[in-house]
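Have a look at the structure first, then we'll walk through it.

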Amino acid sequence: MKDLPKEPLSSEITPKAVYVNRREFMKNGALALGTAAATGSALLWLGGQGPPPDVPEVAAASADNPLIVAGRSYDVPDEAQTPNRDVITYNNYYEFGIDKDDPARNAHTLVTRPWTIQVEGLVARPQTIDVDTLLNWFPLEERVYRMRCVEAWSMVIPWLGFPLASLVKRLEPMGSAKFIEFTTLLNPEQMPGQRSPILKWPYVEGLRLDEALNPLAFIATGLYGSVLLNQSGAPLRLVTPWKYGFKGVKSIVKIRFTDEQPKNTWAIAAPREYGFYANVNPEVNHPRWSQANERRIGEFQRRKTLPFNGYADEVAGLYAGMDLRANF
Ligand SMILES: Nc1nc2c(c(=O)[nH]1)N[C@H]1C(S)=C(S)[C@@H](COP(=O)(O)O)O[C@H]1N2
Ligand SMILES: [Mo]
């Protein structure tokens, strides 16, 4: 491994064909904007035409704040939490644009109520659940987790939510289910990025069922004491802190239990660059940049990237005997 750049340019993340066609992409966007105007929705398009993001203040827990937190079950005590402003303005959510500040500017068009989650596949009772019903099933807890994007930047985020394992058990997958697949909303009217073929829409991610049952796997419904903003994946998104951030599928509308490994969006887009497992691994570089270290948002010095993002004690056993180079 010689002379790999430390961190990719944002232009390098997107599949190359798409980036080269960014001009075209913007043009499609402009066309799409016309369509949106015809339907009467005030959509902002990708690429900077919108106003600067309106950053709400962090809501303190109070009588006005409906979020009840049962406790904090995980922490990263020696690392500073990334300021809320950065967490909610520096995002990846390609449905709302490919630049880091696009989601905060554009995601206000996402309608998160009413919202349902469809449960299907190898499960005792296929069902469609209203999100507010689902949210009432579990007490919320706070978990401060590291978040490491495959692009070699990272954050420390205080999430609110509940263990994925609690949800999986409640949904009663059949014994034959080996994987869980999550799908993001497909709605090009609300999600302007879906009008361009930057990725195969809707965004899909998956886990092996034993990964989903690991106590670290989490469904986030909020962060920094408030409900999730749209750019962070409202009303609920996956958080798997030992894996690269792209596993953390946002704005989930469908959960499917299956006996076949799900085809996840980034592995479809660039199979040599992004795999199914996506475990954070400083020893396996991305073909176009090093994964040995990372830029912690808000810090000057780069940090060493830790195996499994610092969660090896909790999750390494899931991969005993597996070739982590082949299963990247
Ligand atoms: N639906 C959807 N989910 C997504 C993405 C996306 O583009 N679309 N980006 C992923 C990537 S690459 C990362 S790093 C995280 C970013 O989460 P954050 O913006 O809350 O930090 O979301 C992930 N989930
Ligand atoms: Mo990412």
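The second largest cavity comes in at a volume of about 70 Å³. Keep in mind that this is a predicted model. The structure holds two cavities of 30 Å³ or more, and ligand 1 sits in the largest cavity.

**The second largest cavity**

- Its lining is made up of 13 residues, and those nearest the centre are Met147, Val239, Thr240, Lys243 and Gly245.
- Two strands, E4 (140-148) and E10 (237-239), are the elements that give two or more residues to this lining.
- Sorted by class, the lining of the second largest cavity splits into six nonpolar, three polar and four charged residues.

**The largest cavity**

- For the largest cavity, the volume is about 390 Å³.
- A set of 28 residues lines the largest cavity, with Asn92, Tyr93, Gly245, Phe246 and Lys250 nearest its centre.
- Gly245 turns up in both places: it's among the residues nearest the centre of the largest cavity, and also among those nearest the centre of the second largest cavity.
- Strand E5, covering residues 153-163, gives the most to the lining of the largest cavity, namely four residues.
- The class count for the lining of the largest cavity is 18 nonpolar, six polar and four charged.

**What's around ligand 1**

- Ligand 1 has 15 residues surrounding it, and the closest are Asn91, Tyr94, Glu95, Gly248 and Lys250.
- Lys250 is one to click on: it's listed among the residues closest to ligand 1, and it's also one of those nearest the centre of the largest cavity.
- By class, the shell around ligand 1 has seven nonpolar, five polar and three charged residues.

- Which side chains come up against oxygen atoms of ligand 1? In asparagine 91, a side-chain N or O atom is 2.8 Å from a ligand oxygen, and in arginine 237 a side-chain N or O atom is 3.0 Å from a ligand oxygen.
- Glycine 248 uses its backbone instead, with an N or O atom there lying 2.8 Å from a nitrogen atom of ligand 1.
- How much of ligand 1 does the protein bury? Ligand 1 exposes 540 Å² when taken alone, and 98% of that is buried by the protein.

Conventions. Residues are numbered from 1 along each chain as its sequence is written. Chains are lettered from A and ligands numbered from 1 in the order in which they are written. This is a predicted model: local features need pLDDT of at least 70, side-chain atom pairs count only at pLDDT 80 or more; totals for chains, interfaces and linings use all residues. Side-chain values use heavy atoms; hydrogens and water are left out. A residue is near a molecule or strand if one of its heavy atoms lies within 4 Å of it. A polar contact is a pair of N or O atoms within 3.5 Å; within protein, one must be able to donate a hydrogen and the other to accept it, and residues adjacent in sequence count only if both atoms are side-chain atoms. Accessible areas come from the Shrake-Rupley method with a 1.4 Å probe; for residues, only the protein chains shown count as cover. On a 1 Å grid over the protein atoms alone, a cavity is a set of points where a 1.4 Å probe fits but cannot get out, and a pocket is an open set with protein on both sides within 12 Å along at least five of seven lines; lining residues have an atom within 4 Å of a point. A molecule sits in a cavity or pocket if more than half of its atoms lie within 2 Å of its grid points. Ala, Val, Leu, Ile, Met, Phe, Trp, Tyr, Cys and Pro count as nonpolar, Asp, Glu, Lys and Arg as charged, and the others, Gly among them, as polar. Grid points are joined across faces, edges and corners, and a volume is the space filled by probe spheres set on the points.
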